[in-house]
Every structure is written in structure tokens, then in C-alpha cells.
Amino acid sequence: MPEIIEKYYSLKELWSSLNKLNKSRKYLAGGTDLTISLSYGEEKTELWIDISDIKELSLIEDRKEFVFIGAGIKVSQLENNPIVKKWVPALAESVKYYASPSIRNTATLGGNYVNASPCADGVLALAASQASVVLNLKNRRRTLPLLSIIKGPKKIDLKKDEIAEGFLVPKIKHEAVFYKMMARKRFGISKAGLCICYRANNKKLEYVSIALSSVAPSIVKAPKTEEFLKNKKIDQNIVKKACEIIKSEISPIDDIRSQAEYRKEIISVFLQRALQKTIG
Amino acid sequence: MKKFPLSCEINGKKIKKEIDSSLRLIDFIREDMGLKGTKEGCGEGECGACMVLLDGKAVNSCLMMAVQIHGKKLVTIEGIHEHKYGKELQDSFVKEAAVQCGFCTPGFIIAAQEILAKNPKASLEEIKEGLAGNLCRCTGYENIFKAVDKARKK
């Protein structure tokens with residue numbers, strides 16, 4: 001339970017205040033996960049630092065070769081943002097599958113990331129969009145491949161007091177398809193998900209990037225399937241082979257939400273549907 | 001426990017109050033402010049009974065800390081009638097018998113207000129999508145959809 005919550009409005013204020021704080025501490029962004037741990041009595045950290053209103057974290061910027069999306073952006077802000085729609089279509093598309101409308105008004109993309117869940121919808125879209133994460137500790141920045149510091153469910157390799165400042169997505173012209181299987185039509189946690197970013201020219205896949213959710217201890221890419229599909233002209237035979245490859249490169253588990261065999265099958269069905277869509 | 005000096009606007013009134021840092025928004029609304037219209041159902045964001053408007057957007061008050069509304073405008077079911085579609089929605093829920101036990105109603109009206117304020121011409125499908133985060137355990141969904149649809153036709 002937080003004994004103290006400190007609230008800051010800028011990174012400058014945050015970094016200059018950290019030295020004065022000498023308790024075990026944790027960042028509070030949207031709060032949609034942290035408050036549940038609190039209600040369950042699992043939250044023991046004494047000091048919470050509220051970063052939900054830090055202005056630098058809620059920027060979306062069109063930079064030279066990249067789009068920058070601040071970690072503090074609320075999920076609902078992604079859906080109709082023109083920069084996101086143009087350069088990160090997977091992320092815009094993911095929004096309607098993401099929790100409920102009211103949770104989307106509170107939850108942040110950065111929170112979705114640092115929570116390191118294997119079923120994180122926002123991270124699935126970012127991974128397929130080839131995003132990098134920008135980490136910041138007292139204005140020392142590190143830019144790393146998105147999935148490189150995620151070590152398993154709820155495990156992320158951040159330094160003490162380091163924050164995820166935002167995400168950089170390369171500006172590559174492409175389209176995206178986002179599929180998520182859940183127990184009901186909306187507002188469910190993914191049993192399995194597939195997101196593919198692609199550019200097709202005359203039925204040939206010039207560019208293809210695939211990410212998967214809920215089939216491994218973290219969001220994963222499907223590099224063998226990508227390699228196989230790249231520059232191939234999509235026909236029934238290729239689709240069939242790609243589905244075999246993607247099934248062979250994942251090893252999902254049975255858990256309360258679904259079963260390993262079903263998950264494999266769904267991923268293969270999603271890939272088949274997505275590839276059909278790429279050729280219209 | 002260190003107190004947090006909260007200042008915000010609730011249902012049009014400016015509030016300044018020293019609050020416990022450990023309070024969730026719903027605890028602050030119900031216990032500190034005595035606004036009992038906002039309900040706690042599941043306490044983990046599934047049911048939507050605790051919804052309030054924060055700067056015009058529907059949020060689950062069980063999934064936020066009270067300090068997160070510092071400097072912002074909060075509207076609960078007690079103040080919704082002063083907002084566009086608020087009074088219309090309340091009347092329409094009564095008229096269309098969209099209220100059975102009534103526990104979910106404040107949350108549904110808050111969510112519906114955001115849907116209509118964002119898009120007064122929302123289709124039935126869009127209304128359903130917008131209400132995806134609200135559960136009615138009496139299962140009176142059809143009348144609720146009808147009530148939201150009719151609220152804008154007055």
C-alpha cells in the first residue's frame with residue numbers, strides 16, 4: 001500500500017526529485033494494473049511516483065525516419081491519431097480489441113509494455129511494427145529492440161528508477177492486420193493473437209513482419225515464417241507451407257485461458273486469413 | 001501515511017482536500033465525498049459500475065488512485081444531468097425500463113454519455129461497442145440499448 005504518492009509534471013521535476021526520495025518506490029502510470037494488485041493486498045511498495053501527467057511522455061511526433069510515441073499515451077488516444085494511423089496502422093487497429101473503452105481512457109501504452117505480459121495487445125502491435133523502446137534514466141537514454149529487455153511474464157530488465165519514455169517506429173510504408181482470439185467478442189484477454197505488417201505488390205510480399213501473443217512467455221516474432229514469406233508470391237501452396245512453419249516455430253502451453261493445441265491451430269488460421277487479405 | 005493536497009473540480013464545484021495517498025478514486029468519491037451513486041461492483045475493472053467522467057472521458061474509478069484526478073474535472077452520476085445527454089439518458093432509462101436492480105445504471109449512463117457526446121449519430125453496433133465495459137447482471141441489455149438510442153431523439 002502506498003504510504004506516499006509523489007506527483008510530477010515534467011521529466012526535469014522527476015529527475016531532480018529522485019535524490020530526495022529514500023524509500024522503496026514504484027512508478028504509477030495509468031494505474032489499471034497497479035490498483036488491482038493494491039486491492040488484492042499484493043502491493044507493498046511504500047512510495048509511488050505518479051508519472052501519469054508528465055507532459056513529455058504523452059507526445060506523438062513525426063520525426064525524420066521514425067515516429068515517436070510517448071509511453072504515457074492513453075490507449076484511446078492512438079485510435080484516431082493521424083500519425084499513428086499512417087505509420088503504425090497495427091497500433092491503431094489494435095485499439096478496439098484492447099480491454100474496454102473506459103480502461104482504454106486510462107491505461108497507457110508504456111504501462112502495457114513494462115507490465116511485460118505475453119498477451120499485451122499494444123506490445124503485439126508495436127512488435128509487428130518493428131518498434132524500439134526508448135528508456136530514460138536521469139536523461140541518459142538507451143534505445144533498444146522492443147522485446148530485448150522482456151525476460152518473461154511480468155519480468156522486464158529495467159534499471160532502478162529507469163522509465164520507458166516512448167517507442168520509436170521506423171517509417172516504412174505498409175498495411176497491417178490484427179487478429180485476437182478471446183472468449184467473447186470484446187473485452188477479453190487474448191487466447192492467441194497475430195499481427196502482421198506487410199506491403200504487397202502484385203501479390204508478392206515485399207515487406208512482412210509478424211508478431212504473436214499468448215503463445216510464449218512473452219510477445220514473440222515469427223522470424224522463420226517471415227523469412228519464408230519474404231518476396232514470395234502468395235498462392236495456396238505458399239499459404240499452406242507458411243502455416244506449417246509458423247506452427248513449428250511456436251510452443252504454447254495449456255493454461256486457464258486456452259490449450260496449447262488450440263493456440264497453435266488458431267495462429268495457423270489467423271495467418272491463413274491474414275495472407276489471403278494481403279492479396280485482396 | 002502522508003496526506004496529498006488534492007485540488008480538483010467535482011460536479012462543477014471546486015474541491016481542496018488533504019487526502020490519504022492510499023485511496024483509490026472510488027474510495028475517495030464514496031467515503032470522503034459521500035457521493036454514493038458511484039458503485040463498486042467487481043473492483044477490478046470488469047463490470048463498469050464504478051464509472052465516472054474524468055475531463056469528459058469515462059474511466060473506471062476502481063482502477064485509479066484518487067491523486068490522479070489532481071487538477072482535473074470529475075463528474076459522477078450525481079452531476080451528469082448538467083451535461084449534454086445526461087438528463088435525457090436518465091429520463092430515457094426510466095421510460096424504457098432499462099433499470100432493474102439499478103446497481104449497474106450509474107456506470108451505463110456515464111459510458112453512454114461519452115458515446116453520445118463523441119458521436120450523436122452512433123449506430124446500434126457502436127453503442128454496443130461503447131458499452132462493452134459495462135455488465136448488467138439482471139441482463140437487461142436490450143432495454144439499455146433502446147434507452148441510449150432514444151435519449152438523443154428527444
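Start by selecting domain 2 and domain 3 of chain A, whose C-alpha centres lie 21 Å apart. The domain bounds come from an automatic or database domain assignment. The contact between them takes 23 residues from domain 2 of chain A and 21 residues from domain 3 of chain A, where two residues are in contact if their C-beta atoms, placed from the backbone, lie within 7 Å.

Colour the domain 2 side by element. Helix H4 (89-94), helix H7 (121-128) and strand E8 (150-152) of chain A are the elements that give two or more residues to the side touching domain 3. H7(A) gives the most, with 6 residues. Helices (H or I, at least four residues) and strands (E, at least two) are DSSP runs, numbered from the N terminus. By class, this side of domain 2 of chain A has 16 nonpolar, 5 polar and 2 charged residues. Ala, Val, Leu, Ile, Met, Phe, Trp, Tyr, Cys and Pro count as nonpolar, Asp, Glu, Lys and Arg as charged, and the others, Gly among them, as polar.

To place these ranges, note that chain A is divided into domain 1 (4-50), domain 2 (56-170) and domain 3 (175-278). Residues are numbered from 1 along each chain as its sequence is written, while chains are lettered from A and ligands numbered from 1 in the order in which they are written. This is a predicted model, in which local features need pLDDT of at least 70 and side-chain atom pairs count only at pLDDT 80 or more, while totals for chains, interfaces and linings use all residues.

Next, show both chains. Here 27 residues of chain B are in contact with 22 residues of chain A. On the chain B side, strand E4 (57-60) and helix H4 (124-130) are the elements that give two or more residues. E4(B) gives the most to that side, with 4 residues. The residues of that side of chain B divide into 12 nonpolar, 10 polar and 5 charged.

Now hide chain A. Chain B has 5 helices and 5 strands, in the order β-β-α-β-β-β-α-α-α-α along the sequence. The radius of gyration of chain B, taken over C-alpha atoms, is 15 Å, close to the 15 Å that the globule rule gives for 154 residues, so chain B is as compact as a globular protein of that length. The globule rule is 2.2 Å times the number of residues to the power 0.38. Along its principal axes the C-alpha trace of chain B spans about 45 × 25 × 20 Å.

At the contact, 19 residues of domain 1 of chain B meet 15 residues of domain 2 of chain B. Strand E3 (51-54) and E4 of chain B each supply at least two residues of the domain 1 side.

Finish on helix H2 (residues 86-95) and helix H3 (residues 105-118) of chain B. Their axes come within 10 Å and cross at roughly 135°; axes are lines fitted to C-alpha atoms, for helices over the stretch in contact, and angles run from 0 to 180 degrees between N-to-C directions. H2(B) and H3(B) are therefore oblique to each other (angles under 35 degrees count as roughly parallel, over 145 as roughly antiparallel, 65 to 115 as roughly perpendicular and the rest as oblique). Display Gly86(B), Leu89(B), Gln90(B) and Phe93(B) in H2(B), which meet Thr105(B), Ile109(B), Ala112(B) and Gln113(B) in H3(B).
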